[in-house]
Amino acid sequence: FTCILEDAVDVVVALKKSEIDWVNKNVDAIIQCYKILGDALGLYRFAKKVLSSMNAVEEYSSLVASQRAGTSRIMTSLLDAAAIVTIRVINLERRPDRFLDFMEFAVSSERMLVMKGVAKLEQKSSVSVYKNAKVICDKERESTGNFAFDGQCSIDELETKIAQMTKGLCVLSDFVKDKWKPSELSAFDKHAGNDFKDAHTTTSEKACALSHIAAWVGVGSTLSSFDSC
């Protein structure tokens, strides 16, 4: 079904201005399909294609009244879809059962949209300096849709994954510190204690931290990508 939907998207975004009424009807239908599937990533890609293919502001005044009304309806449909709660899931590849269970709850019961939220880290980052975090974001490589980093691997395997992802430009410590102070969590965790001594960050903790860093970077990249539409 997803392949059929993607073909329909390509047809709709390629239509001419004179076919705006037909486009409007199909935009609504495609949005409804993505909502039924709970497919946030598919809807995000569709919205980008539609916005990119629409007329520039200066061209809008040249449209006849019916075409302007059709364009307005398309924008209204996209804005209504954007108001739907979207959940970015951090899920391990080895636990598809958890993802399916969450999809059933989020889509069927709560009418939410869901996507795998982990982005591909590209350059050096810091937990405390978020603005330095970068992701690969172009037509071939999205800033979302990846599985979480798995802490059950060895530290060497995690290092190798970072090296591959960043093409050898970064190491694991560029993203996550080797040591941390438990007391720094006291503001968020009442059980953190008052231990000011450094504790070694385990492989599992590093993988968890990487997953959350990448998820937040993906959020920023997704939001900023619409600036170019």
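Tutor: Of the 229 residues in this protein, 34% count as buried. Keep in mind that the model is predicted.

Student: What makes a residue count as buried?

Tutor: Its relative accessible area must be under 20%. Over 50% is exposed, and partly exposed lies in between.

Student: How many helices and strands are there in the protein?

Tutor: The protein has 8 helices and 4 strands. Along the sequence they run α-α-α-α-α-β-α-β-α-β-β-α.

Student: How many aromatic pairs does a search of the whole structure find?

Tutor: The search finds 2. One joins tyrosine 34 and phenylalanine 46, with 6.2 Å between centres and 40° between planes.

Student: Why is the pair of tyrosine 34 and phenylalanine 46 called tilted?

Tutor: Start with distance: 6.2 Å meets the limit of within 6.5 Å. Then take the angle: stacked needs under 30 degrees and edge-to-face needs over 60.

Student: Where do tyrosine 34 and phenylalanine 46 lie?

Tutor: Tyrosine 34 is in helix H2 (residues 20-37) and phenylalanine 46 in helix H3 (residues 40-53). They are 12 residues apart, and the pair links distant parts of the chain.

Student: How do you know whether tyrosine 34 is buried or exposed?

Tutor: Its relative accessible area is 5%. The cut-off is under 20%, so tyrosine 34 is buried. Phenylalanine 46 has 1%, so the same test makes it buried.

Student: What makes phenylalanine 102 and phenylalanine 105 a tilted pair?

Tutor: Their ring centres are 6.5 Å apart, and their planes stand at 55°.

Student: Why are phenylalanine 102 and phenylalanine 105 not called buried?

Tutor: Phenylalanine 102 has 28% relative accessibility, and phenylalanine 105 has 44%. Both values fall between 20% and 50%, so both residues are partly exposed.

Student: What lies over the face of phenylalanine 99?

Tutor: Lysine 116 does, at 4.7 Å from the ring centre. The distance limit is within 6 Å, so 4.7 Å passes that part of the test.

Student: Which residues have the most contacts inside the largest nonpolar core?

Tutor: Among them are Val27, Ile30, Tyr34 and Phe46. The core has 20 residues. Elements giving two or more residues to it are helix H1 (2-13), H2, H3, helix H5 (65-82) and strand E2 (113-116). H3 gives the largest share, 7 residues.

Student: Which residues does phenylalanine 46 touch?

Tutor: Leaving out residues up to four places away in sequence, it touches Val9, Val27, Ile30, Ile31 and Tyr34. A second, separate core has 15 residues, including Val118 and Ile162.

Student: How do you know that aspartate 10 and lysine 49 form a salt bridge?

Tutor: Their side chains meet at 3.1 Å, N to O. The limit is within 4 Å, so 3.1 Å qualifies. Aspartate 10 lies in helix H1 and lysine 49 in helix H3, so the bridge ties parts 39 residues apart in sequence. The whole structure has 5 salt bridges.

Student: What makes aspartate 150 and arginine 94 a salt bridge?

Tutor: The closest N and O atoms are 2.6 Å apart. That is within 4 Å, so the pair counts. Aspartate 150 has a relative accessible area of 21%. Being under 20% is required for buried, so aspartate 150 is partly exposed.

Student: Is lysine 206 buried or exposed?

Tutor: Its relative accessible area is 7%, which is under 20%, so lysine 206 is buried. Lysine 206 forms a salt bridge with aspartate 178, with the closest N and O atoms 2.8 Å apart. Aspartate 178 has 44% relative accessibility, so it counts as partly exposed.

Student: Why is serine 183 called buried?

Tutor: Its relative accessible area is 10%, and 10% is under 20%, so serine 183 is buried. It sits in the loop between strand E3 (179-180) and strand E4 (199-200). Serine 183 touches Gly193, Asn194, Asp195 and Phe196, not counting residues up to four places away in sequence.

Technical notes. Residues are numbered from 1 along each chain as its sequence is written. This is a predicted model: local features need pLDDT of at least 70, side-chain atom pairs count only at pLDDT 80 or more; totals for chains, interfaces and linings use all residues. Side-chain values use heavy atoms; hydrogens and water are left out. Rings of Phe, Tyr and Trp (its six-membered ring) pair if their centres lie within 6.5 Å; planes under 30 degrees apart count as stacked, over 60 as edge-to-face and the rest as tilted. Buried means under 20% relative accessible area, exposed over 50%, partly exposed in between (1.4 Å probe, protein chains only). A charge sits over a ring if NZ of Lys or CZ of Arg is within 6 Å of the ring centre and within 35 degrees of the ring normal. Contact means heavy atoms within 4.5 Å. A nonpolar core is a set of buried Ala, Val, Leu, Ile, Met, Phe, Trp, Tyr and Cys residues joined through side-chain atoms within 4.5 Å.
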